[in-house]
Amino acid sequence: MSTSFFQFSVRTVVNSGAGSRTLLPEMIKGLGGKRAVLYTDKGLTQAGITAQIKELFEIMPGTPELVGVFDDIEQDAKGGIINLGARFFKECNGDSLIALGGGSVLDTVKGIKWLLHKGLDDIRDSLVTGNVMEWWPEAQYIPIPHVAIATTAGTGAEVSPVAVILNEKHGIKSNLLHPFINADMAILDPDLTVGLPPKITAFTGFDALTHAVEAYFSPNANPMTDAYALKSIRMIVDNLQTAVHKGDDLSARANMLMASSMAISAFCLCLNAVPIHNMAHAIGAKFNIPHGMANAVLLPNVMESLPEYYLPRVTGFAQALGIAKISEQPEQCLEDVIQFIRDLRKAVNLPDTFAEFECNEDKLHLLVPAVHHDPAGVFFKIPAPIIIKVINEVFELKAIEA
C-alpha cells in the first residue's frame with residue numbers, strides 16, 4: 001500500500017433503516033429549510049413513491065412546507081432538464097432540495113444545486129469539457145439544504161460529490177465534481193426499494209460491485225478507501241442474490257443500499273484508472289445500454305483482458321469475495337475471481353453478452369475512439385487491441401478491427 005499523500009472526506013450524513021424516510025421533514029427543518037422542493041421522475045410518481053414522501057409533509061402541517069414537486073427528470077441527468085428544475089425552484093420560492101430516485105434524479109439535483117449556487121441560467125454553457133472539477137478550499141460550501149433519498153442500490157449518488165451530466169447542447173457527458181454538491185443528508189430506506197424489479201435490482205447491484213472493484217484496484221487506493229471497498233464487496237456478495245430473488249427481504253435491501261453508498265465513496269476518493277467504467281460509458285452511450293448492465297457484462301471480460309493491472313492485489317480481492325481455497329499463484333487466483341464473478345452474475349440472471357440489445361454493428365468500429373475519448377479514460381488509456389478483444393467477446397463477433 002502506498003504511503004503517499006491522500007485526502008479522505010465523507011461529508012453526507014447517512015440515515016439508514018426501514019422507515020427512515022419519516023425523518024425527512026425534521027431533517028429539512030434541522031438544516032434550516034422552510035420551503036422544500038421535491039425532485040423525482042414519472043416512474044416513481046406512478047409507483048406511488050412520490051405520494052409517500054408528499055404525505056410526510058401533509059401529516060405535519062406548518063414548516064417546513066413542501067412547496068413544489070418536479071417529476072420530469074429522465075434517464076441520464078440532462079442539462080436542459082437541470083435548467084428547467086432550477087427555474088422551477090425559483091418559481092416556487094424554494095429554499096431547500098429533496099432528491100428522490102436513482103442516479104439520474106440524484107445527479108440532476110446536484111446539477112440544480114450547483115447551477116443555483118453559481119447564479120447561472122444554462123448549465124450546458126459551463127460543462128463544455130469531459131471533466132469539470134472544483135476542489136476545496138477553492139470550492140466553498142453551498143448553503144442550500146439538500147436531502148437525497150435513494151430508491152436504487154447501485155450508483156451511490158446520494159453521497160458522492162460527482163454528478164454525471166449529459167450536455168445535449170454540445171453532445172458530451174461531463175463529470176461535475178464539487179465537494180459540496182452531494183446531499184447534506186441521505187436516506188437509505190429499504191422500504192422504498194422493495195418494489196424494484198429483480199433485473200434492475202441485479203444490474204444496479206453489479207454497478208455497486210464495479211465501483212468497489214475499481215476503487216480497490218485503483219493506483220490511488222489507500223487504507224480508508226480499502227476499508228469501504230472491501231466491506232461493500234463482502235456485503236454485495238452476501239446480499240445481492242437475496243435482494244434479487246426475495247425482493248421483500250428488508251435486511252438484504254438495506255445492506256445493498258449501505259454497500260452501494262460505501263462503494264461509491266471509495267470509488268470517488270481514489271479516482272484514477274477505471275477501465276471497466278471507461279468501456280461501459282462508451283458502449284452504454286452508443287447503444288443505450290443501462291450503465292449497471294454495461295458494467296455487469298464487461299466486468300469479468302475487462303479483468304481477464306488486463307491481468308497485469310489486477311494481479312498485484314487480486315489475493316485481497318479474492319478474500320473479500322469469500323473464495324474458500326485461494327491459490328498462491330496470482331494468475332490462478334485471478335482466474336478463480338473472474339469465474340466467481342461470472343457465477344454470481346448468472347445466479348442473479350444477468351446476461352454475459354449484449355445479445356439482447358439492438359446493436360448496430362456499423363457503430364462498433366467507433367468504440368475504440370469513444371473509449372479513448374471518454375473522460376473516464378483520462379488516467380489510464382486501454383490499449384486498442386484490448387478494447388477490440390473485449391468488444392468481440394461481449395458482442396459475440398468473429399472479429400472487428402480498429
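Visitor: Which strands does α4 lie across, and at about what angle does it run to β3?
Guide: Welcome! This is a predicted model. Helix α4 lies across β2, β3 and β5. Its direction relative to β3 comes to about 155°.

Visitor: What is the strand order of the open sheet of 6 strands, and which are its edge strands?
Guide: The order is β1-β10-β7-β5-β2-β3, and the pairing is parallel. An edge strand here pairs on one side only, and that describes β1 (13-16) and β3. On average, neighbouring strands of this sheet are turned by 20° against each other, direction ignored. To put the answer in one place, the order is β1-β10-β7-β5-β2-β3, and the edge strands are β1 and β3.

Visitor: What is the bridge partner of L38 in β5?
Guide: Strands β2 and β5 pair in the parallel sense over 4 bridges. For L38, the bridge partner in β5 is I98.

Visitor: At about what angle does α5 run to β5?
Guide: Helix α5 lies across β2, β5 and β7. Taken against β5, its direction is at about 160°.

Visitor: Why is one side of β4 and of β6 left without a neighbour in the sheet?
Guide: These strands belong to an open sheet of 4 strands with mixed pairing, in the order β4-β8-β9-β6. β4 (77-78) and β6 (131-133) stand at the edges, so one side of each has no neighbour, each having a single partner strand.

Visitor: In which sense do β8 and β9 pair, and what is the bridge partner of L166?
Guide: Strand β8 covers residues 162-167 and strand β9 covers residues 172-177. They are joined over 6 bridges, and the sense is antiparallel. Within that pairing, the bridge partner of L166 in β9 is K173.

Visitor: Which strands of this sheet does α5 touch, and at about what angle to β8?
Guide: Helix α5 (residues 103-118) packs on the sheet, with its direction at about 90° to that of β8. The strands touched are β4, β8 and β9, and the angle is about 90°.

Visitor: What is phi of N93?
Guide: N93 sits in the loop between α4 (79-91) and β5 (96-101). Its phi is positive in a residue other than glycine, with a value near 55°.

Visitor: Which residues lie nearest the centre of the second largest pocket?
Guide: This pocket has a volume of about 780 Å³. Its lining has 19 nonpolar, 10 polar and 1 charged residues, and the largest share, 3 residues, comes from helix α8 (residues 250-269). Of the 30 lining residues, those nearest the centre are Q7, F8, W135, C268 and L269.

How values were computed. Residues numbered from 1 in each chain as written. Predicted model: local features only at pLDDT ≥ 70, side-chain atom pairs only at ≥ 80, totals over all residues. Heavy atoms only, no water. 1 Å grid on protein atoms, 1.4 Å probe; cavity = no way out; pocket = protein on both sides within 12 Å on 5 of 7 lines; lining within 4 Å. Points joined across faces, edges and corners; volume = space filled by probe spheres on them. Helix = DSSP H or I, 4+ residues; strand = E, 2+ residues; numbered from the N terminus. Nonpolar A, V, L, I, M, F, W, Y, C, P; charged D, E, K, R; others polar. Pairing = 2+ DSSP bridges. Contact = heavy atoms within 4.5 Å. Axes fitted to C-alpha atoms, helices over the stretch in contact; angles between N-to-C directions.
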